[in-house]
Amino acid sequence: MKINFNSGPAALPREVLEAAAEAVLEYEHTGISILSLAHRSPEFEAILDEARHLTLDILGLDNSYEVIWFQGGGRLQFEMIPMNFLAAQETAAYIDSGHWAADAMSNVARYGNLHIAGSSAVIRYRSVPRILDIPATAKYLHLTSNNTIYGTQCFDFPNTEVPIIADFSSELFSRRLDYSKFSMIYAVAQKNLGPAGATLVVAKKDFIKHTVRPLADILNYSVMADKNSLVNTAPVFPIYVSLLNLRYIASKGLAQIELENEEKARMLYEFIDHSNLYQGIADKDSRSKMNVCFTIARPGLEQDLLAFAESMNITGIAGHRSTGGFRASLYNAITIDDVQALIKMLATFEADINK
Ligand code: PMP
């Protein structure tokens, strides 16, 4: 297998893949594949139940939070948030910290008023906005905790009475935080949790209780929570693989995972900072521990570096198509040894072109 630094769909721990492969052939002595397991079977209800408990346990949240699974990825959440919570005359505050944050914002005008609480667009999203203007009357504040494309991350979250909704897609389960600060968090599975096809929403029961307009059940957080994510046929396999990963995360412990994530990011940034060829993109105080974005001082060599990486069994390090350059995503499944292999490859490439 190659070492896969892709930003998503992304690498999953080997033991998760092995257990998933086994379940594809037969799910726990049921005589059928997990791919054929009915979404309304007791077995799948047990999967949902365990996933709920593990999610709340790992995040340190109690039963005042709901755990809901959606399809439709991040884009559907961007739309559903103002659809459920923002009435026509009301205002929602958004922090514009990158491509996905701006994408989330772009849906608001269909439902109510948008207030941009802070933006780092003028500095090409090299850091997360720190000076914020959050109107006390805002219905909610939306932020993106980790900006996958620009490689920046929030380390301090705003202290505000306004309910915070946070897109944790590219970092959920990577670090300890006081998650009770948030009224709702969501994450697409395909980065640090499981395969594409499921999105995890963790939301305060009180916060999602009322929608501001009549909505179809499938687009209504409160109804989806009441129906245990089973309004329609749920994506059984992505949720099951996510559960396997939740078990892996719970048994390893979030503290240990955080420690390793810190070390992986430290090693790679330190290497980049000491190299004459590679340059980090994000401002140092906003550097993401999940997505390390960098360029090379000799742009003509980008394709050569990508080809060299592949020849060394390293894949997925091309930057996003909108930014170019390189990006190494250091999600939980990437080990310290994997990062050492990446650094060795980058160092060898640099030494070779200097010969
Ligand atoms: N939010 C963040 C932080 C992302 O990195 C992405 C990219 N996958 C999305 C949302 C969009 O997710 P999707 O492609 O599932 O709509």
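## Two domains

The protein is divided into two parts, domain 1, which covers residues 14-252, and domain 2, which covers residues 254-353. This division is described here for a predicted model, and the C-alpha centres of domain 1 and domain 2 lie 27 Å apart.

## Where the domains meet

On the side of domain 1, 23 residues are in contact with domain 2, and on the side of domain 2, 25 residues take part in these contacts. Between them, domain 1 and domain 2 bury about 2300 Å², and 52% of this area is on carbon and sulfur atoms. Within the area that domain 1 buries against domain 2, Ile149, Arg176 and Lys252 supply 25%, which is more than any other three residues.

## Polar links and the make-up of the interface

Four salt bridges are found across the interface of domain 1 and domain 2. A salt bridge is also found for the pair Asp285 and Arg130, where the closest N and O atoms are 3.5 Å apart. When residue pairs in polar contact are counted between domain 1 and domain 2, with both residues at pLDDT 80 or more, the count is 15.

Turning to the side of domain 1 that touches domain 2, strand S7 (152-153) and helix H7 (236-252) each supply at least two of its residues. By residue type, this side of domain 1 divides into seven nonpolar, nine polar and seven charged residues.

## Met105 in helix H4

Met105 lies in helix H4, which is made of residues 99-105. Is Met105 buried or exposed? Met105 counts as buried because its relative accessibility is 11%, and the cut-off for buried is under 20% relative accessible area.

Once the neighbours within four places in sequence are left aside, Met105 is in contact with Tyr94, Asp96, Leu114 and Ile116. As for a residue at another point of the chain, Ala10 is 95 residues from Met105 along the chain, and the C-alpha atoms of Met105 and Ala10 are separated by 25 Å.

## Glu79 in helix H3

Glu79 has its place in helix H3, which is made of residues 73-85. With a relative accessible area of 16%, Glu79 is buried, since the cut-off for this class is under 20%. Which residues does Glu79 touch, not counting those up to four places away in sequence? They are Asn107, Arg110 and Tyr111.

Note on methods:
Residues are numbered from 1 along each chain as its sequence is written. This is a predicted model: local features need pLDDT of at least 70, side-chain atom pairs count only at pLDDT 80 or more; totals for chains, interfaces and linings use all residues. Side-chain values use heavy atoms; hydrogens and water are left out. Domain bounds come from an automatic or database domain assignment. Contact means heavy atoms within 4.5 Å. Buried area is the accessible area (1.4 Å probe) that two parts lose on being put together, summed over both. A salt bridge is a side-chain nitrogen of Lys or Arg within 4 Å of a carboxyl oxygen of Asp or Glu. A polar contact is a pair of N or O atoms within 3.5 Å; within protein, one must be able to donate a hydrogen and the other to accept it, and residues adjacent in sequence count only if both atoms are side-chain atoms. Helices (H or I, at least four residues) and strands (E, at least two) are DSSP runs, numbered from the N terminus. Ala, Val, Leu, Ile, Met, Phe, Trp, Tyr, Cys and Pro count as nonpolar, Asp, Glu, Lys and Arg as charged, and the others, Gly among them, as polar. Buried means under 20% relative accessible area, exposed over 50%, partly exposed in between (1.4 Å probe, protein chains only).
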